[in-house]
Amino acid sequence: MAKKSNKQWLHAQNKDQYVKQARDSHYRSRAIYKLQEIDQKDKLIKPNTCVVDLGSAPGSWSQYASEQVKANGRVISVDILPMDPIERVLFILGDFTDEAVENECIGHIGKQGADLVISDMAPNLTGIRITDQARSLALAELVYDFCDQVLKPGGDLVIKLFEGAGTDEYRRLLKERFAKVMTRKPEASRDQSREFYVLARSYGL
Ligand SMILES: C[S@@+](CC[C@H](N)C(=O)[O-])C[C@H]1O[C@@H](n2cnc3c(N)ncnc32)[C@H](O)[C@@H]1O
């Protein structure tokens, strides 16, 4: 019991630490530490590459991606909510489920394709688990089809999912297109949330 409370206390401290860290740095959200941890472990974002950030606002993932791709790279970001400008980031304001918005994004990526798609998109939660799960998976399926259209051979995907019905099937779907499919639960995401990330590597190889 004592062990558990210690753990809970440490956990709460850590959470605060991420908020504080983000506030003290130039990052716009504590979400930065989720992507940073995955990137540092898996060496995902490389200089001179094209990264697409879906569900990007307020922008910490885009900030981080922009820093990693460096001067000759680019980041294309999409969100329903407005996002303040970031260097090297082309922002599209719109709903990704809207075909015109998806097509606009595909147009900006161009023929050379994208090296990496990162999606932190989450639907507005209703609190009704079954509905939230279905909406989250519907978004994930769109991202899956989008990857088919934009990823270069060998490209990668990081996508947020929520534990629940359908996630195993989704992982199986990814395995049909990607050489390796892994689960990531970054330290900064260890809260009550059922969120986790799937990292799918080497598209089409
Ligand atoms: C958890 S936040 C992303 C935080 C972001 N990764 C960061 O580091 O600042 C999820 C975002 O997904 C966006 N979103 C949800 N559904 C969307 C959709 N259909 N199209 C575009 N953006 C969407 C929300 O507006 C929200 O800004």
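## Exercises on a predicted model

Residues 24 or more positions apart account for 63% of the contacts (heavy atoms within 4.5 Å) in the protein chain with a separation of 6 or more. This is a predicted model: local features need pLDDT of at least 70, side-chain atom pairs count only at pLDDT 80 or more, and totals for chains, interfaces and linings use all residues. Residues are numbered from 1 along each chain as its sequence is written, and side-chain values use heavy atoms, with hydrogens and water left out.

**Exercise 1. List the order of the helices and strands in the protein chain.**

Step 1. Count the elements. The protein chain has six helices and seven strands. Both are DSSP runs, numbered from the N terminus: helices are H or I with at least four residues, strands E with at least two.

Step 2. Read from the N terminus. The order is α-α-β-α-β-β-α-β-α-β-α-β-β.

**Exercise 2. Classify the ring pairs Tyr-144 with Tyr-170 and Phe-178 with Tyr-203.**

Step 1. Set the rule. Rings of Phe, Tyr and Trp (its six-membered ring) pair if their centres lie within 6.5 Å; planes under 30 degrees apart count as stacked, over 60 as edge-to-face and the rest as tilted. The whole structure holds five aromatic pairs.

Step 2. Take Tyr-144 and Tyr-170. Their centres are 6.4 Å apart and their planes stand at 65°, so this pair is edge-to-face. Tyr-144 sits in helix α5 (residues 129–150) and Tyr-170 in helix α6 (residues 167–177), so the pair ties together parts 26 residues apart in sequence.

Step 3. Take Phe-178 and Tyr-203. The centres lie 5.4 Å apart with planes at 65°, so this pair is edge-to-face. Phe-178 is in strand β6 (residues 178–184) and Tyr-203 in strand β7 (residues 195–203), 25 residues apart. Phe-178 and Tyr-203 are both buried.

**Exercise 3. Find the residues that touch the most other members of the largest nonpolar core.**

Step 1. Define the core. It is a set of buried Ala, Val, Leu, Ile, Met, Phe, Trp, Tyr and Cys residues joined through side-chain atoms within 4.5 Å.

Step 2. Pick the residues. The largest core has 33 residues, and Val-117 and Leu-157 touch the most other members. Helix α5 gives the most to this core, with eight residues.

Step 3. Check Leu-157. Neighbours within four places in sequence aside, its contacts include Val-117, Tyr-170 and Phe-178.

Conventions. Buried means under 20% relative accessible area, exposed over 50%, partly exposed in between (1.4 Å probe, protein chains only).
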